[in-house]
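Visitor: Please take me through one part of this structure in detail. I would like to look at the place where the two chains meet.

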Protein chains: 2
Amino acid sequence: MEPDDEAFLADFRDLARIGATAGGGVERQAGSAADLEQRAWFADWLVHRGFSVHYDQVGNQYGLLEITPGRPWVLTGSHLDSQPLAGRFDGAYGVLASAHAADRLRREWAAGASSSALNLAVVNWFNEEGSRFKPSMMGSSALVGNLLLDVALETADSQGHTVREVLEPAGMLGDPVLDSPGLGVCERGGIASYAEIHIEQGRRLEKTGTEVGIVEGTWAAHKFEILVKGAQSHTGATVMADRRDALLGAAMLITRTRELADGAAAPLHASVSELYVEPNSPVTVAREVRMHFDFRSEQQAIVDAGVAELWAYAAEVETRTGVQIIQVAEHRWDRRDYARAGLDLAEECATSLGLSSARLLTLAGHDSTNMSQYVPTVMLFVPSREGISHNEAEDTGDIDAVQGVRMLTAVLRRLADDALG
Amino acid sequence: MEPDDEAFLADFRDLARIGATAGGGVERQAGSAADLEQRAWFADWLVHRGFSVHYDQVGNQYGLLEITPGRPWVLTGSHLDSQPLAGRFDGAYGVLASAHAADRLRREWAAGASSSALNLAVVNWFNEEGSRFKPSMMGSSALVGNLLLDVALETADSQGHTVREVLEPAGMLGDPVLDSPGLGVCERGGIASYAEIHIEQGRRLEKTGTEVGIVEGTWAAHKFEILVKGAQSHTGATVMADRRDALLGAAMLITRTRELADGAAAPLHASVSELYVEPNSPVTVAREVRMHFDFRSEQQAIVDAGVAELWAYAAEVETRTGVQIIQVAEHRWDRRDYARAGLDLAEECATSLGLSSARLLTLAGHDSTNMSQYVPTVMLFVPSREGISHNEAEDTGDIDAVQGVRMLTAVLRRLADDALG
């Protein structure tokens, strides 16, 4: 391993201490104390290497390397925020890999070994995970114009605290950093291309012994929130026929969601993982349940068919249980493909580094899913041990991790040469 | 209506202002600010009428009328604590009716119109509802020895606050007030009999136009808490076959619970109304669900059969979903009958007052369910409009309410004469 590789692993270990959990993972939900701590750590890291640090209006954190004033920017990054009781790699690996890759190029260019046609910026997107504040991919959605800034800032967590309330006192709400459709323009100019690296969160690379994944598309996703409205009554005294049990209605929808996934014509990932019960008392039938559904498939039509079947069943649940079922929010993205030129570029980089690569789809959404709508985008994966994700046991081997940083460095070098221009 | 009736209704309206909700109900969960406020209000009411106010070691609140020092006590009461978003009558009606009935007898005896062989005490049991602190009927369970005092005091709510922590600073933890198996003895002596009045929480009295219900028995109940253990993973990326979804396992148990109730050989009330999900994030499959089951029937065998079928199904759920299902707590009572002599006595009182009465069973548990194990107990019901219970819309008409107080007064007069001695 080279000194640069060792430096990356040492920094990654440092970062993983912030919000560390007893189970070997991290808990650093968006805007939490641990998230603010790691943002300060990251700002410090960037400043010490000559990056200038900025925040845009939705709290995305940037480290800028202005090489050729007036030219567009190559942007690279991921997110530091995590799920509750999460792994160390999801998002954080990509942010640190981006920073190390950019710093390597900075040193290369400073040494005169090569030059750059464009400027280079590293980004730590705000709230990719969406566990505390919905929707997920908030920072990149606001930047590309998929989410209104005011809606993002006024989003409240389950305790009623808004995004604005956590970011403003931390000094993490600023002005546009780079031009974008969602956050407006500034003097620095726009984004030419975007690159992100992430752990796979699946088993395909590991199973096939492939070192780098080149993402050619994102699964379609449809997420929505449903309110099941029943009526409070006594669990002991109320006769069964008189009940309108919101939790029963919710449970029927959850079991059907799994049946729909199991019976779909092509792979459909469908689940409910968040649910609030009112009044949530042991002896009072629930008057209301709010629940979040997540449907995903490679094919948009499979997602649509699954959701349609769920609503048909919801009508049946209403009739059978006397509850009322209404949708209160939704968030969706269609199947999206990454720019073909970026796939070819990444493949050439892998070959030149002697790394095996394969094209694959991402089942999870990423900030790159948003960016790919807006600019040519390269999305890379490194292997995940057993595909474990959103879990403290999530892991990626050291060799895979450092190879990923080298791969991203090579891709950024080409992007900074305006290879996708 | 007589002045005493008007006074009762005026006091009831006063009491209903404490913790009043916008929907016309109250929210006064055990140990909450509203509960402490109504306890202070009630202590004041008692003291102004010559009762001495005391608290035992589990926070039960007593108003004592010592008539014949050294003689046993007739105890009467119910509970002021409520469910979240509850009605005004559940429990509170019975406490205030008991206090008014006792005060009428006090005045009677002071005027020399009659005399009493025994002493008289009013009680406001701590935490009958069990919504904040489990189990329900906590204060009476501790008194009769069905629940260890230390277990009761160390019970924590979902925020981690214990019963001791809320009652001690309020000065509501004292010494034994009357002798009991669970809380020990004192100088005042023991309890001869117990009487309680409550709204029916069912429709039988209303349907048949009956003015007073005389409770001959309590349905059997079995409540238990289950932990469903799965594994955290990504709702988008994790293939369905790899998931161990705790919320799916929980939902299957909820739907089956309803099927068991619908298919039971005799009426079985079975439900889940309280459920906590971890981590409860929109994009992370639940690793753990804690849920509370409530099974009740007139026949113990029907409850037992339902619970056994649920566990058989739980084993199937474990196999099908990969979760683990374990019981972590339980609370149960068998079908219990009230003393026959008390039923006859109550019937005679109703007849003498010209009130129609009927014997019936209570589906809900009451503090009298505990007391009936220990001393001769009379349990009375007044009609509930549409049987609505644990709901802000809960209601009992004024006439029914004041007739109930007269009925309870008549019963207490007989009990104070040691009619069940």
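Guide: Here is the interface, from its extent to its contacts and make-up. This is a predicted model: local features need pLDDT of at least 70, side-chain atom pairs count only at pLDDT 80 or more, and totals for chains, interfaces and linings use all residues. Residues are numbered from 1 along each chain as its sequence is written, chains are lettered from A in the order in which they are written, and side-chain values use heavy atoms, with hydrogens and water left out.

Start with extent. 58 residues of chain A are in contact with 58 residues of chain B (heavy atoms within 4.5 Å). The buried area is about 5,000 Å² (accessible area, 1.4 Å probe, lost on being put together, summed over both parts). Carbon and sulfur atoms give 55% of it. In chain A, Met240(A), Ser273(A) and Pro282(A) lose the most area to chain B, together 14% of what that side buries.

Which elements of chain A each supply at least two residues to the side that touches chain B? They are β8 (233-234), α8 (246-263), β9 (268-278), β10 (284-285) and β11 (288-297) (DSSP runs, numbered from the N terminus: helices H or I of at least four residues, strands E of at least two). The largest share, ten residues, comes from β9(A).

Key
Buried area is the accessible area (1.4 Å probe) that two parts lose on being put together, summed over both.
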